[in-house]
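Hi,

Here is the structure I promised to pass on. Have a look at it first, and my notes on what turned up follow below.

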Amino acid sequence: MKIALDPTPFHHDYSLLELPAVVAELGFEHLQLTPHRDMIPFFNHPKADDELVRQFRKACSDAGVGIASVLPVLRWSGPDEDAREAAVQYWKRAIQITVDLGVNVMNTEFSGRPEKAEESERAFYRSMEELVPIIEREGIDVRIDPHPDDFVENGLDAIRMIRGINSKNFGLVFVACHSYHMGAGMLEIMRAAGDMLRLVHVADTMDHHRSHGLRYITNPPGNPVRVHQHLKIGDGDLDWDEFFGGLGELGFYDKPDTVMVSSVFAEDENAHDVSRYQLKTMKDYIARTR
């Protein structure tokens, strides 16, 4: 298993090429390349040319930091056909960047729209028809997160959707702080996924279902919003003994292709200390539950 840092909290204070050195200084051996305005931004065409890709790969090598995964977020399930077709083209460039970086893991979100779930599912599988042959040819392993407000939010439904692709090059991302939107318990989803679970994000969150749904109030009532946080371990309601215990039960730590990512976004002002805390705390839990 690789333990990686999501460097999103540092995007505004450091350039893209400075990020690997920051990650190394914080004690991580790997980073997750999340959407960045100079590389693969949210929803739009990748902005890196071959030279910048080469420079970033060298910056990682110089810092002694590996790239555990590349994370694009693109509208490949968009019910708008123009947006979906564009996203497929953006995916092709993102795959090439990943290959040129020497990386074989990509993780992403289902995207699409929950209020147009049937249309989004059709769009998703239409995109798969074009992308799966490329992904398999390049030897990329794509892992998908049922993100809140995607057309697939339920963890067990996500497993079914991925199984429907019918390709061993696709697996599940379990983001701990999305747990309260997944419709089932952590252990139930982990056990159902089995070897399909190959990447996890570690961040805490509050349970928005508590107090009979009145813990968070939006106005006007009935807004179709999704609430979650990316807090450091211990600042929310998640049962971390259950989370890490479930991973230990699956043998997640001992598999060469699995990835664990620290993804705390709530404390940019303390991001250095929080990142060090996350690394130590994750390692402590792993030692207890291996």
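Predicted model: local features only at pLDDT ≥ 70, side-chain atom pairs only at ≥ 80, totals over all residues.

Residues are numbered from 1 along each chain as its sequence is written, and side-chain values use heavy atoms, with hydrogens and water left out. Helices (H or I, at least four residues) and strands (E, at least two) are DSSP runs, numbered from the N terminus.

Which residues of helix 3 are buried (under 20% relative accessible area, with exposed being over 50% and partly exposed in between; 1.4 Å probe, protein chains only)? They are R84, A87, V88, Y90, W91, R93, A94, I95, I97 and T98. R93, in helix 3 (residues 81-100), counts as buried because its relative accessible area is 19%. Leaving aside residues up to four places away in sequence, R93 touches H45, P46, A48, D49, D50 and V53, where a contact means heavy atoms within 4.5 Å.

The length of helix 3 works out too: at 1.5 Å a residue, its 20 residues should span 28 Å, and the end C-alpha atoms are 29 Å apart, which agrees. The expected span here is 1.5 Å times one less than the number of residues. At the start of the helix, a side-chain oxygen of D80 comes to within 3.3 Å of the backbone nitrogen of D82. That is a polar contact, meaning a pair of N or O atoms within 3.5 Å; within protein, one must be able to donate a hydrogen and the other to accept it, and residues adjacent in sequence count only if both atoms are side-chain atoms. After helix 3 comes G102, with a positive phi near 80 degrees.

**The pocket and the cavities**

First, the terms. On a 1 Å grid over the protein atoms alone, a cavity is a set of points where a 1.4 Å probe fits but cannot get out; a pocket is an open set with protein on both sides within 12 Å along at least five of seven lines; and lining residues have an atom within 4 Å of a point. Grid points are joined across faces, edges and corners, and a volume is the space filled by probe spheres set on the points.

The largest pocket has a volume of about 410 Å³. Its lining holds 26 residues, with D6, T8, P35, F42 and F265 nearest the centre. Strand 4 (105-109) and strand 6 (170-175) each give at least two residues to this lining, and strand 4 has the largest share, with three. By class, the pocket lining has nine nonpolar, 12 polar and five charged residues. For the classes, Ala, Val, Leu, Ile, Met, Phe, Trp, Tyr, Cys and Pro count as nonpolar, Asp, Glu, Lys and Arg as charged, and the others, Gly among them, as polar.

There are also two cavities of 30 Å³ or more. The largest cavity, at about 70 Å³, is lined by L5, D6, P9, S262, V264, E267, A271, V274, S275 and Q278. Helix 9 (residues 271-289) provides the largest share of that lining, four residues. The second largest cavity holds about 30 Å³ of space, and strand 2 (residues 30-33) gives the most to its lining, three residues. This second lining divides into five nonpolar, four polar and no charged residues.

Most residues other than glycine have a negative phi, and most peptide bonds are trans. Some spots here go the other way:

- The N219 to P220 peptide bond is cis, with omega near -5 degrees; P220 sits in the loop between helix 7 (210-213) and helix 8 (240-250).
- F43 has a positive phi, near 70 degrees, and lies in the loop between strand 2 and helix 2. F43 counts as partly exposed because its relative accessibility is 33%.
- S211, in helix 7, has a positive phi of about 55 degrees without being a glycine. With a relative accessible area of 51%, S211 is exposed.

Cheers
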